[in-house]
Amino acid sequence: MTEPTTLLRAHGVVRSYGRTPALRGVDLTVAQGEILAITGPSGCGKSTLLHCLAGILTPDEGEIYYGAHRLDTWSERARSRLRRTEFGVLFQFGQLVPELTGAENVALPLLLAGTGRRVARTAALEGLDRLGVAELADQRPGEMSGGQQQRCALARALVTEPRVLFTDEPTGALDSLAGEQVLGELVRLARERGTTVLLVTHDVRVAGYADRELELRDGLVDGDGLGLAPRAPGATR
Amino acid sequence: MNSVAVSTAHLLLGLLAAGARYGYELKRSHDERLPRAKPLAYGQVYATLGRLERDGLVEQAGQDREGGPDRTSYALTGAGRDELDRWLASTEPPAPHVNSELLAKVTVALLVAGAERARATLAAQRRAHIARVRELTKVKNDPVATLDDVIAADYAIAHLDADLRWLETTLERVADWHREVHS
C-alpha cells in the first residue's frame, strides 16, 4: 500500500481575537481524500482552525500548507483565487442568495470563476440532479425546505469540483433525518470524487461520518485524549 | 418472569400476530427484523413458546413431520392477542436507577487513582464510543443496508450519543468532582 498523500498541513498554528486566544499551537495533517471531523466543545477554536486551513483567516503564528504551497504567506487575492478554484465551503445556513433560483445559486461559483453562462447552468442542473433535487432548479430559496436549501448549498459547494470541501456544522439547522440525508449525500459524492472533506461539528453523530476525528479543547489538539494539560504554543508533540 | 424473558415472549407474540409459525421461522424473522439485537437461541424460542402455551397465550396449530423430526407450528390465542395489545399500549418506565459499569469505573478511578486517571478513563471510553458510532454509521450508509439495519443502528447511535454527552460533561467536571470527593 502506498502512503497517503498529505494535502493540508498545519504546524504550530496560533490565532487570537484581540487578547483572547482561539488556537494555541495546533498541528495537524489531512490526507488527500480523507474525511476528517474536527470536534470539540463550543469555543474550543474549531471554526477558527477551519477558517485558517481554508485561507479565510491567517494565523498569528505557525504555518499552513496546501500541498507544497505555504498558504499563510499568500496575499488575500491569491488565497481568494485558490478558494474559488480548489476549495468549496458549506456552512450552517444563510448561504443562498434569496433573489436567485436554485440553479442560479449553484452556478454562481462557476460564473465568478469566469465560466460561460450556458456551461455554468448545465453544470448547475447536473449538480442538483446528482443530489436528487433537480426540481429545485427554478425555485427560490424562500420556497425550499431547510433540507432542500442545504442540498442546494451543497451542490453549489461542489459545482467547481473542489479538491477540498470545508464544512462547518453543515446540518446544524436541520432536523435529524434531513441532516442525515444531506450528510449521506455529502459523503457519497466526496468518496466518488476523492474530495477531501473537513467537517467541523460538535455533534458526534455527524462526526461518525468521518474517517477520523480530531478533537480540540481550549485551542489545542486533544491528541492523546487527555488534552487538558496545556502545552506551550508552537510546541510539537 | 424477568425482564429479558418478558421482552422475548412479547416479541414472539408480535411475530405470531400475522399467522401461525414454526419455532425456527420465529427465530429467523426475529433475527432479520432486529439485526442489531442478540440473535435468539433456538432453545430460548422453544422454552418461551412452552411458557406461552402453558399460560394460554399461544396454542399448537399443526404438526409437520415431513422428512425430519416433528415440527409444531404455533398460533396466537385470543388471550395472546389481548396480551400483545396490552403490551403495545404500555410505555416502558424510564429507568429509575443509574446502574452503569462505566459510572462505577470512573468513580473508582477518581477515588483510588485521582483526577488524571479518572480523566484518562473517560477519554479512553469516549474514543471507544466514537469508534463504535463510526462503525454503526458505516453500517447505516452501506448501500445494501435495509431500513431495519438503519433503524437499529439509529437506536444504538442515539444511546451512544447520550453516553458521549455524559462523558463530555463529566470530563469538564472531573476537577470539581475530585475536590469534592477528597475534601
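Trainee: Where is A:Glu169, and what are the helices and strands around it?
Mentor: A:Glu169 sits in the loop between strand E7 (164-168) and H6 of chain A. Helices (H or I, at least four residues) and strands (E, at least two) are DSSP runs, numbered from the N terminus. This is a predicted model, in which local features need pLDDT of at least 70 and side-chain atom pairs count only at pLDDT 80 or more, while totals for chains, interfaces and linings use all residues. Residues are numbered from 1 along each chain as its sequence is written, and chains are lettered from A and ligands numbered from 1 in the order in which they are written.

Trainee: What makes A:Glu169 count as buried or exposed?
Mentor: A residue is buried if 20 or more other C-beta atoms, placed from the backbone, lie within 10 Å of its own, exposed if 12 or fewer, and partly exposed in between. A:Glu169 has 20 C-beta neighbours inside 10 Å, so A:Glu169 counts as buried. Its phi is near 45°, a positive value in a residue other than glycine.

Trainee: Why is A:Asp218 given the class it has?
Mentor: A:Asp218 has 17 C-beta neighbours inside 10 Å, so A:Asp218 counts as partly exposed. A:Asp218 is in the loop between strand E9 (212-217) and strand E10 (220-221) of chain A. Its phi is also positive, near 50°, and A:Asp218 is a residue other than glycine.

Trainee: What does H3(A) pack against?
Mentor: The buried residues of H3(A) pack against helix H2 (76-85), helix H4 (117-130) and helix H5 (146-158) of chain A. Those buried residues include A:Val106, A:Pro109 and A:Leu110. Just after H3(A), A:Gly114 takes a positive phi of about 95°.

Trainee: What makes E2 and E5 of chain A edge strands?
Mentor: Two strands pair if DSSP finds at least two bridges between them. The open sheet of four strands has the order E2-E1-E4-E5 (chain A), with antiparallel pairing. Strand E2 (20-31) and strand E5 (69-70) each have a single partner strand, so one side of each is left without a neighbour in the sheet. Strand E4 (residues 61-66) of chain A meets that definition with E5(A), through two bridges, and A:Tyr65 stands opposite A:Arg70.

Trainee: Which elements of chain B touch chain A?
Mentor: 15 residues of chain B contact twelve residues of chain A. Helix H5 (101-141) and helix H6 (147-181) of chain B each give two or more residues to that side. H5(B) gives the most, with eleven residues.

Note on methods
Two residues are in contact if their C-beta atoms, placed from the backbone, lie within 7 Å.
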